[in-house]
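Here's a quick tour of a protein model, written for someone who likes the cut-offs spelled out. Have a look at the sequence and coordinates before reading on.

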Amino acid sequence: MKQSIHNDTRTAMTPDAIEHSIMDNLYCIQGRVPRTATRNDWYMAVAYTVRDRVLHKWMQTIEAYMGNKEKSVSYLSAEFLIGPQLGSNLINLGMYDAVQCAVSHLGQNLDELLEQEEEPGLGNGGLGRLAACFLDSLASLEILGVGYGIRYEFGIFDQEIRDGWQVETTDKWLRLGTPWEVPRPEINFIVHFGGHTEHSVDKNGRFSVQWFPHSAVRGVACDIPVPGYNVNVVNLLRLWKAEAAESFDFRAFNAGDYYGAVEEKMSSENITKVLYPNDEASSGKQLRLQQQYFFVSCSLQDLIRVHLSRGSALKDFHASNAVQLNDTHPSIAVAEMMRLLVDVHTMDWDSAWYITQNTFSYTNHTLLPEALEKWSLPLFANLLPRHCEIIFEINRRFLDDVRAKFPEDEERTARLSLIDETGGKFIRMAHLACVGSHAINGVAALHTELLQRDVLRDFYELFPNKFLNITNGVTPRRWLVLSNPKLARLITSKIGGEWIRNAEGNLKRLEAFAADKKFQNEWRTIKRENKTKLASIIKQRTGIVVDPASLFDIQVKRLHEYKRQHLNILHVITQYNRIKKNPGGNVVPRTVIFSGKAAPGYFMAKLIIKLINSAADVINNDSDVAGRLKIVFLPDFNVKNAHAIYPAADLSEQISTAGKEASGTGNMKFSMNGALTIGTLDGANIEIRDAVGKGNFFLFGHTADKVASLKSNGYDPAKYVEANTELREVIALLTGGFFSKGDRALFTPLLNSLLHHDEYMLMADYQSYIECQEKVDALYCDEEEWTTMSILNVARIGMFSSDRSIREYAEKIWNVKPVKILTETVL
């Protein structure tokens, strides 16, 4: 039954009530009066005001969840790159304008307060951002769900550029606190490590195993609410913080061992100290494994607790819970679930295995064999001895089934085994996920095809019905409504606002305006304003002045050789050479913008960053170029910076080697903001090209099959260099030290890789890329045609909303349905 709340400043949505709430929070939480309040105080007061409204809906969601037996989703991920929360929550709660009005009346600027918020350091790249988009869509589609992850005290790192090189600094995202987190110290679980096991048979003849661990860590829940768009569902992101099981040794302190008194506390807290510790050393590998098991164990213990608290029997766990494994990081969940069911809850093996397999599903995110996680058997057995035994038993039973289906095929059996014995012994975590899940999905049509054909071929032949494709998507709430508000308003003025909830079904109506001259002018005006905004940010952060009238050619993503940022810079140098040969020639002005982080231990990726910045130093300051070609490396790419980047792009660079990118989501965000794509037939590029129209996509490069064929026939990159004059000239500048102040050795490792190996086929794709870029230049000169193509990209990108992805997961894998929640009426 609905109830009414009158004049409640914690829940009312009028500007007056919100203003009153902001002042209450400024006084009572921040302990400030307006005269002494800092910008951060005002931000916190506004954030707590919005949080009150979120929590009001959250309580209703919890009541609904505990009061019914609907199946819910748990999404296990090592990363959740959720981005700043204030703006997103304002959009989803429908209170952006009211808060803006209240803040303005208090003499504050909402844009400045939004800028004040720290980027949560809970993720790094596409994997974590996808998880965040999925949480938004789960709530917006009214599907009850929880994201489970790690509350990292420090993010991966903040990136600075010094002398052209990436320098990593500590990401202290929690230094000023976070208003969105709700600590739950009463929800905590003990997680064990090390020790040994002992086997026994009880008086009833039941075999049992007892684990005697060497150490224990306590996992404490920290919750972040996730509201859906224009609905009453508020879901939950539950992150686990590591604490010592016993944080202070009083006896050691009294004995004068002051360090020893807190040693356990310091050691335990290291587990959630930093996102992705450098795992080049064995200690780093152990810490990463500890992180993965820690958050998985806490999450599964929590799920079982909640399941039982709802009055449900443990034998029905899989009927009430769908658990998605986001890549291999949480795949230890298969063994941990078996341990909890068999060892802790004394369930028989077969029943436990049935529940486990019908609970878990696994999303694979990579085609790179080296990214399919494996753990050294000695390391794993030392840290998780009971889980090692469980995996051996799963493997024994699994391989018996394999041999029964494929007798006398021991090579296949060895390939499928959960234990890799080709060198030193390793546990194959992707194999564990495949065996322990009822569904395995890829994240783009080509990716799934290549998984089935190559990477996981043996599993596909064994379990063909487990495999399916669900192409990734991105939330239009953050990546268009929040980050590009003027464009969102223009779209809404023409087709109404339902596209925000159903992009796939409604954005297509924009096609009717693609050739409308007035609409095109408005479209171009907004793009120019977005470019001017980004140009201002570039000047502020790098000192480089760029022309908003130039073509903004943007490549932003994690630095990796297969993503081929160095192919992009080879094109830039080619353009530079052409200008130098004919300084007075007609040149389409172009600003080439890069942004992205390289893993701290990935030398080649760091060298590519150095090359980009070294080329920028020369080209940006050459009087012959006269500003017609500029290179920018914008440091510290994250969600917050991306809000300004995607809306400003004219051209989206999606140029990975065909067959290497699983999906990509940056390609979707760019298209959603009206950028045209230049790209290969890789990942989701293929489906984007099909959706937006082949004529609205700049295609170049070899296909995945052609790449494989070239390699199998003895690919020689040097032949491509010898046959191409412009490519030879580019290489000559690099080898001669032209961009390195005469230092011929600086870029030698990169050049040797390209000229003698070229794993990612830059030399083979170079000429096709150059010719495709010439088509880009020619089309950019046709303002009306470019704008038409831009509008069509947005109109046809609706299927790449994460809402569509989540609907497919719900229908094809999870078997869950939306839950309508009625909240109290606020007047």
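What follows goes from the whole chain down to a handful of single residues.

## Ground rules

This is a predicted model, so to speak of local features takes pLDDT of at least 70 and side-chain atom pairs count only at pLDDT 80 or more, while totals for chains, interfaces and linings use all residues. Residues are numbered from 1 along each chain as its sequence is written, and side-chain values use heavy atoms, with hydrogens and water left out.

## The whole chain

The protein chain holds 34 helices and 24 strands. Both are DSSP runs numbered from the N terminus: H or I with at least four residues for helices, E with at least two for strands. Along its principal axes, the C-alpha trace spans about 95 × 75 × 60 Å.

How does the radius of gyration fit a compact globule of 827 residues? The rule puts such a globule near 28 Å and the chain has 28 Å, so the two agree. That radius is taken over C-alpha atoms, and the rule is 2.2 Å times the number of residues to the power 0.38.

## Burial, contacts and charge

Buried residues make up 61% of the 827. The labels go by relative accessible area with a 1.4 Å probe, protein chains only: buried is under 20%, exposed is over 50%, and partly exposed is in between. The accessible surface comes to about 32000 Å², with 50% of it belonging to carbon and sulfur atoms. Those areas come from the Shrake-Rupley method with a 1.4 Å probe, and for residues only the protein chains shown count as cover.

Of the contacts with a separation of 6 or more, 76% join residues 24 or more positions apart; contact means heavy atoms within 4.5 Å. On the charge side, there are 91 positive and 100 negative side chains, and the centres of the two sets lie 3 Å apart. Lys and Arg count as positive, Asp and Glu as negative, with His and the chain ends not counted. Each charge is placed at NZ of Lys, CZ of Arg, CG of Asp or CD of Glu.

## Positive phi values

Asp 163 sits in the loop between strand 4 (158–162) and strand 5 (165–169). Its phi is near 55 degrees, a positive value in a residue other than glycine, and at 60% relative accessibility Asp 163 counts as exposed. Glu 408, in the loop between helix 14 (385–405) and helix 15 (410–416), isn't a glycine but has a positive phi of about 60 degrees. With 84% relative accessibility, Glu 408 is exposed.

There's a glycine case as well: Gly 693 follows helix 27 and has a positive phi near 110 degrees. Within helix 27 (residues 685–692), the buried residues include Ile 688 and Val 692.

Ser 140 lies in helix 6 (residues 126–140) and is buried, at 4% relative accessibility. Its side chain makes a polar contact with that of Arg 477 at 3.3 Å. A polar contact is a pair of N or O atoms within 3.5 Å; within protein, one must be able to donate a hydrogen and the other to accept it, and residues adjacent in sequence count only if both atoms are side-chain atoms. Beyond four places in sequence, Ser 140 also touches residues including Tyr 229 and Arg 501.

Gln 575, in helix 23 (residues 565–581), is buried at 13%. Asn 232 is in the loop between strand 9 (215–227) and strand 10 (234–244) and is partly exposed at 21%. The side chain of Asn 232 reaches the backbone oxygen of Ile 821 at 2.8 Å.
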